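This report covers one set of paired strands and a selection of salt bridges. The sequence and structure come first.

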Amino acid sequence: MAMPLAQVPRKIRHYLPSALKQFVVLLLILFTIDTLVMSFLPLVAKGCNYAWLTMLDGTLLILFGGPFIWSSIVSPLRGVAFTAASHAENLLDNLADGVVSFGHDGRIVSGNPAAERMFGYGVEELVGMGIEQLLAGREAEGGYFPFTTLTTCEREECRISYGVAGVRRDGTRFPVDLSVSRVLVEGAWTFIGIVRDMTERVESDARLHETNERLHALIQASPHAIIAMDRGGNVSLWNRAAEQIFGWRAEEVVGRPYPAIPEARREEYAVLKGKVLGGGIFTDQEVQRQCRDGSLITASVSSAPTFDASGSVTGIMTIISDITTRKQDEQNLVLLKRAIESTLNGVIITDVTGTDNPIIYVNPAFERMTGFGVHEVLGQNPRFLRGDDRDQVELKKLAQTLQEHRDGYFVLRNYRKDGSLFWNELFIAPVRDRDGAVTNYIGVMNDITEHRRYEEQLVYQATHDPLTGLPNRNLLQDRLAQALALEAFRRRTPLCVMFLDLDNFKKVNDTLGHTVGDMLLKAVANRLRNCVRGGDTVARLGGDEFIVVLPNVREVQDVVIVAKKILDVFATPLQLMGHEIYITASIGIAIFPTDGETVDALLKNADAAMYHAKEQGKNNYQFYSEEMNTRVFERLALETSLHRAVKQQEFLLHYQPRVDLRTGRVSGVEALVRWNHPEMGLVSPARFIPLAEETGLIVPLGEWVLRTACSQNRLWQEAGLPPLRVAVNLSARQFRQENLIEMVAAVLADTGLDPRWLELELTESLVMQQAERSADVLRQLAAMGIEVAIDDFGTGYSSLSYLKRFPIGNLKIDQSFVRDLCRDADDATLVRTIITMAHGLGMKTIAEGVETLEQMDFLCRHGCEEMQGYYFSRPVSAEDFALLLREGKELDLRRYADADPNAAGTCLMGKEVRCCAGNCP
């Protein structure tokens, strides 16, 4: 069945001439030839019958019309057919896809060169092969493709396409895309299959898939948020980093508007979005974005548009980095840099990876500290700072530290640009990379030159007495230990330790003040230096105690010479602040090795010998003996017992009455402390009071005495006894207490004693110390109603200008003057002067230690108001004193009156008495 012209493919149909034109040409040819034949035939064949003429007409028509029809119609049509066939052949030969035709039975009829190359068969081999030998389809019916689909197709044009596997001649398979069409040729259906090798396509798809997978993995693994949006701002991509940074999950935001824009930043966002949608790009734009929890972060945003195939912008691709921490780190780095630039410590950084560990950074403090500019030190090894001073122990430690790649601390002698020395306190620390390898060293320098000088001063102060400049106890022990090692243990040469204590130095302090006392100590130190050799040591232990160490002593006589020399230098008085001061010293001597072989033993035994010298009248020297230790141990035992006595209140008070020399009656009482030792019995105050002063126990002891005396006086008054003023001594330590007034007030309040029945006694030396402060304290006591008395008057130093300013009621004449006033004209004169002076200042006088009638007679004659002493009563217990008051014991002055009316003088009672030892005026 011929294919209608209308069904001829368009690509072939345009080669054919016009059908109308060919038809017209054919009619013209036939008409022309037939006309010519019919015109000439009668002329040629006259007489012929009609049948012959008809045959002749047909023959001529064929003879004459054939060539014209061939040249005008057939030949052009053959040309067209040949051209179309050539084009088809060329097309099939040059087609990249394989083309095979096969019949209904599946046998291949033909195949183009591409099919031959694709399957590896020649054309002769292909023809007659079964199509199933070339194709193995996944979807095939009957093993390769569904014939039934084509054979049962009711449409004239049926075509199926599907993917199958091609089988090459060598058996290898490859993916192909098969398109099969059914064509009716000469009344039979012919199948034409176009086979496209999809190997490259499949591989390309695989590569594309792999690329897409990698891109997806890269996007998901990226530490930066990667977000894609369409033109409307709806999110189409939201990776894991975006989830972590902002807090929204992908399924919560994909297909929805971008949610991370703070309200205050929407206008800014709109501008940036419009820029990108307009084809623009921006990178590393710092913006603020909002997280799901409402917190704000600082983000670095880079955005670019996405385009479709036509080049139109379809959306935005954005990469966001959370730089909040980085910004904070940058701020911290700025602060750190400013701190390094501003610090007073020099900072130096070196590069370990460079040649010879060169300097790569120094701060301004380094420049100020060393005098070198940055340009002068960069690239150099820091060792240039040490100059030629290589003999430093710390340099070896530094080299070892650098070799071991660890931290280190060193003190080095370095030199500035001008050559001056400075002490460099250097801290170094290695900087390591991620692999732990040291890449740099950081050094922090501190100029400790002044600190070093200060340390030297501190060492000097720690080893020397600040007042005299002499070695102190620490340096003394060190030098003595060295002397024992060098001079004694090696050579067994004797060594002498002298323990020197100034006699009565406390009185100088108490009377002339501490300033004069300090000047005296300095003068003594200078004199001692001049008494010894250059290799000898003179040290001050503290207070008024000095040590002299004489190494390499050949004979004991050498020690005696030095001791006498020291005592002799004290014979010359000292001129200090207008005062001529005589001072003496007591010296104790211990000799190594006989008196001890250690530092402590020699010092202890020399100290014992010094105390023995004190006991021998002072101003002498004594060599140590074993018996001296016994006395020292006794003193230590007494001190220990004294501490226990204060805690356990082993003390008691005795009371000595004071008598009014005008009436003979008891006018007051003085409280005197006694120590009732559990083993030694009553201990004399002369033994424990000085010790209590030295140890500071006098403060709690004195408060106990005051409280007990006030309480007892209150008890006597409550018992109906006449009220009397009780006198209590205040020690120097008590008087210097800041809370003295508060303590006295508290005692009076606790005991309920009226202040007017309390008298506080102080020594004149005590009140003259810090006279202004003393006057203030005394005025406060007087304002409370307390009587103030000066005890032991005449034994110390007094300034009458101060004395008259003090609110003092009584002056107590020391018993040392009363004791000999009837035998010593000087004492008598001194007592008369004290009484007269006291009266002139409006004060009463009280004589202490009155033991004889003559003493009482003298005091009475010269107007002394009161006396106390054994002549009337010894100190007695509180019970005995109460009994004395109840019995009304008095001093009967009338029975001492002399019968001689011419006896010179009368007592204050108007009765004549005898003069004592001719001392009456």
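Two strands count as paired if DSSP finds at least two bridges between them. Strands (E, at least two residues) and helices (H or I, at least four) are DSSP runs numbered from the N terminus. The model is predicted, so local features need pLDDT of at least 70 and side-chain atom pairs count only at pLDDT 80 or more, while totals for chains, interfaces and linings use all residues. Residues are numbered from 1 along each chain as its sequence is written, and side-chain values use heavy atoms, with hydrogens and water left out.

**Strands**

Strand β29 (residues 787–793) runs parallel to strand β30 (residues 810–813), joined by 3 bridges; Phe 793 has Ile 813 as its bridge partner in β30. β29 also pairs with β28 (residues 758–763) in the parallel sense, over 5 bridges, and Glu 787 in β29 stands opposite Glu 759. Of the 7 residues in β29, 5 are buried (under 20% relative accessible area; exposed is over 50%, partly exposed in between; 1.4 Å probe, protein chains only).

**Salt bridges**

A salt bridge is a side-chain nitrogen of Lys or Arg within 4 Å of a carboxyl oxygen of Asp or Glu. The structure holds 40 salt bridges, including these:

| Pair | N to O |
|---|---|
| Glu 125 and Arg 169 | 2.9 Å |
| Asp 356 and Arg 383 | 3.0 Å |
| Glu 866 and Arg 658 | 3.1 Å |

Glu 866 in β32 and Arg 658 in β24 are 208 residues apart in sequence, so their pair ties together separate parts. Both residues are buried. Salt bridges that share partners join Arg 658 and Glu 866 into one network with others, among them Glu 759 and Lys 812. By contrast, Asp 356 is partly exposed at 42% relative accessibility, and Arg 383 at 41%.
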